[in-house]
Structure formats: structure tokens, C-alpha cells
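Please look over the sequence and the structure shown below. A short report on them comes after.

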Amino acid sequence: MKRLLIVFLALTVTSVFAYGVDKHINLGDRATELKNEGKSRGIHPSLSEIRKMHPEFLLHKRDKTVHQGIRTRRNSLKECVDCHSTTKNDEYVPINAPEQFCSTCHQKVGTSLDCFSCHRTTPKEDL
Amino acid sequence: MSKKLNRRDFIKSTTAVTAGVATISSGITLTTFAAEDSPVTNEKRWGMLIDTNKLTESNIDDMVNVCQEENGWGSETHSTGAQKPDWIKKVKVRDKTTGKIDMLPMMCQHCEQPPCVDVCPTNASMKREDGVVLVDKHLCIGCRYCMMACPYGSRSFVHEDLSNQKEHMPRGKGTVESCTLCVHRVDKGGIPACAEAVSSDGVIFGDLYDANSKINQTLKKIQSTQIRADLNLNTGIRYSGI
């Protein structure tokens, strides 16, 4: 009985740790920096809002840009990529690659995006 | 408790309130006009005047090359000749009788009455308020009706997977594309890359409606034409010298 309890406890403890690890998704270089400096508030006023609403924000911005020529930075896909990308060996990793910002959550919920068949997956032209 | 509001005070206080409202609303109008976030309107119509007499063949080649560089097309490796994209191309026109050869750059003519928009089943083919004809690639299903409808052969279809696109010009397999009049530059006050590449007056870009613009004034002075003017599409791209 005791042994069973230990196994059970061990399981819960590891799963808590596992959760703690992947809860912090890979935010990307610049976003991590901003977060550490405590400057993330001005970017996404509310975390729960951006988590839930980012598809709507993006589609709204998309139509504004393509149909009305509005090219502000807010909710622009270019900007998400700029801020949320990571570098490895002095090169950008595509933001939709496994374990990157725009893919971790999506993998979990089984969503796949076609955006990046057209949109650039790394910031600007060069590093 | 005995303080009563007489008529004077009432008027005074209401004017103060009205003035407050006026400042607030003028503040709002100021910001909406000053920021680059106001939608394009039909008070403008973007157009281009191409004077073939002032363009050498190498000018035209330059126009094609800078367009490729700006928008990131032309290095497709798996597409065969006819499949390759052609946002802008060099066209040779030969007079059968005299043998005179004219060379001109040809791209989307940004029609006022665009046939490509008429035939599109998903409204992906669209015309902005300021006259720029575009493909909203988010809506494009790749049926290519617009390519058949276009009298100028100005549209192409992406036949292969692409990567490393330009940041400002997303492109992808299965959708139609064409000259955007470089809206990504124009919306920020710039001019199309091809117009910038020609240093002479061979290409003039501007607002056709604006009586003070160079393009408007030049068009009033000189002889110019629209290609296939017989179709009554009222193109935004005009030519002179042909």
C-alpha cells in the first residue's frame, strides 16, 4: 500500500513539474527580453485576451491592410514574427517550426495554420 | 442651499461644456487624419504614365529587375516557362507595315472596370477605393478565371511551394498574383519600385485626380493612350509614344 502511494506521489509530482515546464512556451528572443524587463504589459494589455482572441485580431487586421491600406504595427503578423522569433547558431528558426512560438499551442489543440505558406516565417531579410 | 442657477450662469456653464466637447472631438479628428491608419479613399486614383519614347530597352529591363527584387518573384525553379510569374514584362510591338518596333513595360493596368474583378467567384479579385486592383490572396481559391478574363495577360499563378518570401509581400502556391502598384510603398508615401528605377520622366507615378500632380498635368498636355482603349476599362496605366 505504501509503495503504491509512493508511486502515485511520484507520478503527481513529475506531472506537476512537466506542466511547469511546458506552461512556459518558447516566447522568442525579443519577447522574453521584454517580459524580463517587465515591459510586456503595453504590448498585450491582457494575456488571457491575446491567448483567446489572437485569430480574430489577426483576421481583422488582415482585412484592414489588404482592403483599406492600413499599415499600422498593431496586430500585424509581421510584428508577431519579429518579436516572437528565436535564434539558434546566429540564424532565425522559422516561427512555425516545432517547439516555436506559433506552433506549440497549436500542436496541442490540433490546429494547423496555412498562413506561413505565404507569410515569411522569420523576421526581415537577414539577421 | 439657497444658491440658484440663474440664466447667465447656466449659459456660461453650458458653453464651457460645449467648448470641452469641441476640443475633444477636434482632437479625435486630428489624430485620425494625422495617423497612417486612415483607410484609402476614392478621392485619389493612383496611376502611372509611361512614355515609351523616353524609355530605353535597358530602362525596361531595369523596371522588370527591380520589381523582381522588390516583390521576390522570378526565382521559381520548378515552374516551366509559361508557368513562371510575370508581374511586369517587356513587350515588343511591331508595326507590320513600317516594321517600326516599340518596346513597352506591361503589367496590371489597374482598370476602373476590371474584368478580373467581375469574374472572381470569391471576391478575392478586388479594387481598392483608390483604384489599385489586387488579389486578396486570403480569399483566392486559385481558379484562375481572372487570368482568362484579363485582356493584358497580367496575372500569374504560383505553381510551386515557396519559402523565404519578402516580409511585405507574402506569396504562396495555389493563388493568383499580379502587380500591386507596390501598395506597401505607396501607402507609406512612397512610389512603386519600377517608377523609382527610371530616373528620366519615362515613368510618372501619381494621383490622376489631383490637378496639381505631375501626372495629371502631363496627361492634360501630351498625347497619351490606354492599351485596348476600345474595351472602355479606363486603365490607370497610360502610355504615350506608341
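## Basis of the report

This is a predicted model, in which local features need pLDDT of at least 70 and side-chain atom pairs count only at pLDDT 80 or more, while totals for chains, interfaces and linings use all residues. Residues are numbered from 1 along each chain as its sequence is written, chains are lettered from A and ligands numbered from 1 in the order in which they are written, and side-chain values use heavy atoms, with hydrogens and water left out.

## Chain B as a whole

Chain B has seven helices and nine strands. Helices (H or I, at least four residues) and strands (E, at least two) are DSSP runs, numbered from the N terminus. Chain B contains 242 residues, and 44% of them count as buried. Buried stands for under 20% relative accessible area, exposed for over 50%, and partly exposed for values in between, with a 1.4 Å probe and protein chains only.

The accessible surface of chain B is about 13400 Å², and carbon and sulfur atoms hold 54% of that surface. Accessible areas come from the Shrake-Rupley method with a 1.4 Å probe; for residues, only the protein chains shown count as cover. Among the contacts in chain B with a separation of 6 or more, 61% are between residues 24 or more positions apart. A contact means heavy atoms within 4.5 Å.

## A three-stranded sheet

In chain B, three strands make up an open sheet with the order 8-1-9 and mixed pairing. Its edge strands are strand 8 (203-207) and strand 9 (237-240) of chain B, each of which pairs on one side only. Two strands pair if DSSP finds at least two bridges between them. Strands of a sheet pair through backbone hydrogen bonds, either parallel or antiparallel. On average, neighbouring strands of this sheet are turned by 20 degrees against each other, direction ignored.

Strand 1 (residues 46-51) of chain B runs parallel to strand 9 of chain B, and four bridges join them. Within strand 9 of chain B, Tyr239(B) is the residue opposite Ile50(B). Helix 7 (residues 214-221) of chain B packs on the sheet and touches strand 1, strand 8 and strand 9 of chain B; the direction of helix 7 makes about 115 degrees with that of strand 8 of chain B. For such angles, axes are lines fitted to C-alpha atoms, for helices over the stretch in contact, and the angles run from 0 to 180 degrees between N-to-C directions.

The pairing of strand 1 with strand 8 of chain B is antiparallel, over five bridges. Here Leu49(B) is opposite Ile204(B) in strand 8 of chain B. Strand 8 of chain B is mostly covered, with five of its five residues buried.

## Two loop residues with positive phi

Leu181(B) lies in the loop between strand 7 (176-177) and helix 5 (183-186) of chain B. Its phi is near 55 degrees, a positive value in a residue other than glycine. Leu181(B) has a relative accessible area of 3% and is buried.

Cys182(B) also belongs to the loop between strand 7 and helix 5 of chain B. Cys182(B) is not a glycine, yet has a positive phi of about 50 degrees. Its relative accessibility is 7%, so Cys182(B) counts as buried.

## The interface with chain A

Chain B gives 23 residues to the contact and chain A gives 17 residues. Together, chain B and chain A bury about 1900 Å², with 54% of it on carbon and sulfur atoms. Buried area is the accessible area (1.4 Å probe) that two parts lose on being put together, summed over both.

Two salt bridges are found across the interface of chain B and chain A. A salt bridge is a side-chain nitrogen of Lys or Arg within 4 Å of a carboxyl oxygen of Asp or Glu. Lys124(A) and Glu167(B) form a salt bridge, with the closest N and O atoms 3.9 Å apart.

## Salt bridges over all chains

The whole structure has 19 salt bridges over all chains. One of them joins Lys90(B) and Asp61(B) at 3.0 Å, N to O. Lys90(B) lies in strand 2 (residues 88-94) of chain B and Asp61(B) in helix 2 (residues 57-71) of chain B, so the pair ties together parts that are 29 residues apart in sequence. Lys90(B) is partly exposed at 32% relative accessibility, and Asp61(B) is partly exposed at 30%.

Asp102(B) and Lys100(B) form a salt bridge whose closest N and O atoms are 3.1 Å apart. Asp102(B) is buried, at a relative accessible area of 15%, whereas Lys100(B) is partly exposed at 45%. A network of salt bridges links Arg71(A), Arg128(B), Asp130(B) and Asp187(B).
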